[in-house]
Every structure is written in structure tokens, then in C-alpha cells.
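Let's take a friendly walk through a protein model, one neighbourhood at a time. Keep the 3D view open as you read.

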Amino acid sequence: MISVSQATVADDPGRLEPLTAASDRAPLRLTEHRVPQRWLDRLSSAMGRPVDLRTALAGAGRTLRDAGDCTAAEREALPVAPAATRAYCWAEADTRGWLPGAVAVSGDGDQAPGVIVSAWSRESDGAAGRSAARVAFVDAGEPPAGRDGPDRPREVSALLAVPVDGGQDYRALSSPVSGMVRYQDKLLVTAGAGDADALYVYDLDRIQRATSDAAVVGRVPGGWAADGQAYVLPAVASYRPAGARPRRAPTRSPWTAAAPRPPSWRASGCRRTPAGPPGCGATR
């Protein structure tokens, strides 16, 4: 997937050349790997009934900061031309330690129009192996007729996860999100080498609630944790280049609480550093 910001702009880029040789097309073939339905059913049975994107946004308790409340460093990240008609900034606490990645917007026929999806990733911090990725859903649409909407867009975050242990647990997607497309009720995410250079598919009608705000991932005593995020988004499928093998799933989530488990449990375009500006402006 290539975004507009990644494309090379030229006065005359030339015409596209078709790939006619089988040897040229072979590396481009993708093989589908579906997460077994029984895994997904087992996970939702343990975690509770999933919710859709509209329901998750309806309960969003966080809002973005208005441009007037953004710092000078944050405003410097805004485009010079064309100028942004609206601008908002993330809360510093929500972005500390996270790096911004791909951005996706609503398309025709999407179940929740006016929603911006912003991907964020956390790089491994060494021995703990705590790489993770999440998406923030921002309700930037106009409020329905007859109802005043919030002055600032609401947002809610979900950890991107991959079911393991036959659906009895999940692990974090351990890769930055380099590309992302929203199509109707699906979110397609490209992952890098940390997750076997795969294209992951997420179902926006299958968003699971986290019941613990612990900074760990997976099943924990008494509930489910998502690195402090409110929701978990488990992958439903992945696509990889022909011949590539799916990453071997661990027998338990690699980022879980240290407490022992009962025997029945198995186990947009701007760059910044964790020490850099607190957030990048969301524009429309």
C-alpha cells in the first residue's frame, strides 16, 4: 500500500510498465492465513461480547486538544501549504513513549463516517520485548442534526493484537504500522519485520473491551489487559508473500503479568521520538 505522502511527485512520471514475466509476479502473490473462527469465538466468549466501532466511540471519554491549546512545537508540525482548516493535538500522556505511524480516513459505505484512524507503535525496550502497536479512533465528523457535538473530537484507543493459544489469549502486534487502509468494516494494516512483513486484517465489528488497565498485554488474573488501552482489536486474518511462514505464536502472550496463572489458563506523516514534541496535529 502506498499513501499519497509516500508517492514521488514529478511533472512526467512516465507510464506504468506491466509485469509480464511470471518470475516478476511471483514475489507479489499473497497467501491468506485466516484466524480460525473457533479461536475468535473462544476469545469473545471469555472476554465478553464484542462491540462495533460506533459503540466504542460512543463511550469515548478522551478528547483531543484544540489548536489554541497546542504547544508551539506541535503547531510547527502543521503543514504550511495548504493550511489546515482545523487542527487538534493529542494529550501528552496519551502519546508519551509512542511513535506515530499510518493514518486512514473513512470511505464510502463505512459504518462510522468521519472517523480518522491513527496508528501508533512502541519499540522494544530490550529484554522485556515490549513492542506493541495501537490505533486511535478519532470521531472528527459533524454531529447529527439537532444535537450539539463536542467542541473537540473524541478519541478511543485499541491495542492491535493477534490471538494465540487457540483463542485463549492474545499477544501484541510487535511491529510499527507502516500502512493502513479502512474498507467498510475492516481495517487493513501492514506490519514490518517484527511481525513477518504481513498484511493484517482487523474486524471493526469485533472490538473487545479490556477489563484491566495494567501495562501488560493478554490474560491476567481477574481479566484482560491491553497495555492500558480501553479496547483490544484481535486480528481475523493475515496475508503474507507466497512461501513466507506465519510467525510462530507463543504458547502464551510474551508481555504478561508476572503473577502466576491458574492451571486452567494458558498462559499523519510526521516523525518524532519519545523525547520529542508531545503530539502531532490531526488536521482535516
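## Strands side by side

Find L187 and look across to strand 12, where Y202 stands opposite. This pair belongs to the pairing of strand 11 with strand 12 (residues 199-203), an antiparallel arrangement held over five bridges. Please keep in mind that you are looking at a predicted model.

Strand 11 (residues 186-191) also pairs with strand 10 (residues 177-183); these two run antiparallel and are joined by six bridges. One example to look for is G179, whose bridge partner in strand 11 is T190. Strand 10 and strand 11 form a hairpin with two residues between the strands, and in this hairpin Q184 takes a positive phi near 55°.

## Two nonpolar cores

Y202 turns up again in the largest nonpolar core, which has 31 residues. Together with V135, F137, M180 and L233, Y202 touches the most other members. Which strand gives this core its largest share? The answer is strand 8 (residues 154-164), with four residues.

## Rings and a charge

In the whole structure, a search finds three aromatic pairs. In one of them, the ring centres of W90 and W120 are 5.4 Å apart and the planes stand at 90°, so this pair is edge-to-face. W90 sits in the loop between strand 4 and helix 5 (92-95), while W120 is in strand 6 (residues 115-122), so the pair ties together parts 30 residues apart in sequence. Are these two buried or exposed? Both W90 and W120 are buried.

## A disulfide link

A disulfide is a covalent bond between the sulfur atoms of two cysteines. How many disulfides does the model have? The count is one, formed by C70 and C89 with their sulfur atoms 2.1 Å apart. The link is right-handed, with 120° about the S-S bond.

This pair connects distant parts of the chain, 19 residues apart. C70 lies in the loop between strand 3 (65-66) and helix 4 (72-75), and C89 lies in strand 4 (residues 87-89). Buried means under 20% relative accessible area. C70 counts as buried because its relative accessibility is 6%, and C89 is buried too, with a relative accessible area of 3%.

Methods: Residues are numbered from 1 along each chain as its sequence is written. This is a predicted model: local features need pLDDT of at least 70, side-chain atom pairs count only at pLDDT 80 or more; totals for chains, interfaces and linings use all residues. Side-chain values use heavy atoms; hydrogens and water are left out. A nonpolar core is a set of buried Ala, Val, Leu, Ile, Met, Phe, Trp, Tyr and Cys residues joined through side-chain atoms within 4.5 Å. Buried means under 20% relative accessible area, exposed over 50%, partly exposed in between (1.4 Å probe, protein chains only). A disulfide is a pair of cysteine sulfur atoms within 2.5 Å. Rings of Phe, Tyr and Trp (its six-membered ring) pair if their centres lie within 6.5 Å; planes under 30 degrees apart count as stacked, over 60 as edge-to-face and the rest as tilted. Two strands pair if DSSP finds at least two bridges between them.
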